[in-house]
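Dear colleague,

Please find the structure below, together with its sequence. My notes on what was found in it follow.

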Amino acid sequence: MDATLQDTALIYGRYLRQSLRSRFALLFGVLMPLLYLLFFGPLLTHLPLGVRGSSWQVLVPGLLLQLGLFGASFAGFMIIVEKGQGVVERMRVTPVSRLALLLGRVLRDATVFVFQAVLLVLAATVMGLRAPLAGVLIGFVFVALLTISLASLSYALAMNVRTPQEFGPVINALTMPAMLLSGLMLPMTLGPKWLDVLSHFTPFRYLVDAVRDAYVGSYGTAHMLYGTLVAVGFTALSVLVGTRVFRTAGA
């Protein structure tokens with residue numbers, strides 16, 4: 001176990017240094033949620049959204065999870081690049097734990113997206129967001145768990161494709177319906193009943209509802225319980241799948 005932790009720290013540090021050397025990419029990753037915040041957020045200010053809290057307490061949790069959803073889902077592109085550069089081949093002959101090779105990457109991704117989430121919340125606070133500190137911190141935990149789970153699956157998929165042209169369409173086909181059905185932008189309760197029911201088959205719906213409850217200071221709700229169970233269970237399953245793929249592929 002100690003060796004796995006050391007290997008994870010080594011891989012994490014390697015990839016985090018790469019991210020820190022590309023500060024433009026760090027800031028560019030949060031650009032789209034910021035645009036939603038600036039141009040979409042004011043449109044909701046006086047609309048009846050049918051939920052507790054202000055429009056910012058509805059929109060910002062969705063944008064935080066959108067950041068993790070799209071960013072982590074496309075994380076596998078890096079594996080495809082590394083395979084083309086021979087990095088993966090060189091890693092195959094090292095004694096580094098295969099679990100560490102996955103965990104080091106996904107923990108780096110979680111660090112990056114939580115940092116971007118902090119920037120987004122700071123910008124939202126300037127625009128009028130008011131939320132309890134505990135709720136904001138819970139939101140960051142959910143972003144981290146979502147990032148770890150989706151990045152693990154993204155890396156697993158990338159290990160089994162050869163080109164970005166094979167990888168991109170699959171990710172787009174999965175992330176767009178997930179975004180639309182999870183209620184990231186607006187509560188699904190505003191839509192027709194059949195759409196609200198359908199959205200419950202999307203795990204991200206439970207995470208969005210949980211973070212929105214946290215942002216209004218409600219921590220003991222059914223939404224929080226279900227969201228936590230789904231987030232933890234989905235993360236554990238995704239890391240298990242990712243680890244199995246890394247072991248069989250010899251990454």
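Which element gives the largest share of the lining of the largest pocket? That share, five residues, comes from H7. Before the details, two remarks on the source are needed. This is a predicted model, in which local features need pLDDT of at least 70 and side-chain atom pairs count only at pLDDT 80 or more, while totals for chains, interfaces and linings use all residues. Residues are numbered from 1 along each chain as its sequence is written, and side-chain values use heavy atoms, with hydrogens and water left out.

**Pockets**

The largest pocket has a volume of about 790 Å³. A pocket is an open set of points on a 1 Å grid over the protein atoms alone, with protein on both sides within 12 Å along at least five of seven lines; lining residues have an atom within 4 Å of a point. Grid points are joined across faces, edges and corners, and a volume is the space filled by probe spheres set on the points.

The lining of the largest pocket has 27 residues, and those closest to its centre are Ala 25, Gly 29, Gly 71, Phe 113 and Gln 116. Two or more lining residues come from each of helix H1 (2-20), helix H2 (23-28), helix H3 (31-39), helix H4 (55-73), helix H5 (77-85) and helix H7 (98-127). Helices here are DSSP runs (H or I, at least four residues), numbered from the N terminus. By class, the lining of the largest pocket comprises 18 nonpolar, seven polar and two charged residues. In this scheme Ala, Val, Leu, Ile, Met, Phe, Trp, Tyr, Cys and Pro count as nonpolar, Asp, Glu, Lys and Arg as charged, and the others, Gly among them, as polar.

The second largest pocket has a volume of about 300 Å³. Its lining consists of 17 residues, with Leu 150, Leu 174, Thr 175, Ala 178 and Phe 204 nearest the centre. H4, helix H8 (133-158), helix H9 (164-182) and helix H11 (203-215) each give two or more residues to this lining. H9 gives the most, with seven residues. The lining of the second largest pocket divides into 13 nonpolar, four polar and no charged residues.

**The cavity**

How many cavities of 30 Å³ or more does a search of the whole structure find? The search finds one. A cavity is a set of grid points where a 1.4 Å probe fits but cannot get out. The largest cavity has a volume of about 40 Å³, and the residues that line it are Leu 65, Leu 69, Leu 146, Ser 182, Leu 184, Phe 204, Leu 207 and Val 208. H4 and H11 are the elements that give two or more residues to this lining, and the largest share, three residues, comes from H11. Seven of the lining residues of the largest cavity are nonpolar, one is polar and none is charged.

**Helix packing**

Two packed helices are described by the angle between their axes and the distance between the axes. Axes are lines fitted to C-alpha atoms, for helices over the stretch in contact, and angles run from 0 to 180 degrees between N-to-C directions.

The axes of H4 and H9 come within 10 Å and cross at roughly 165°. H4 is therefore roughly antiparallel to H9 (angles over 145 degrees count as such). In the contact (heavy atoms within 4.5 Å), Gln 66, Leu 69, Phe 70 and Ser 73 of H4 meet Phe 167, Ile 171, Thr 175, Met 176 and Met 179 of H9. Six of these contact residues are nonpolar, three are polar and none is charged.

The axes of H3 and H7 also come within 10 Å, and they cross at roughly 10°. H3 is therefore roughly parallel to H7 (angles under 35 degrees). Pro 33, Leu 34, Leu 37 and Leu 38 of H3 make this contact with Leu 120, Ala 123, Ala 124 and Met 127 of H7. The contact of H3 with H7 has eight nonpolar, no polar and no charged residues.

With kind regards

Conventions. Angles under 35 degrees count as roughly parallel, over 145 as roughly antiparallel, 65 to 115 as roughly perpendicular and the rest as oblique.
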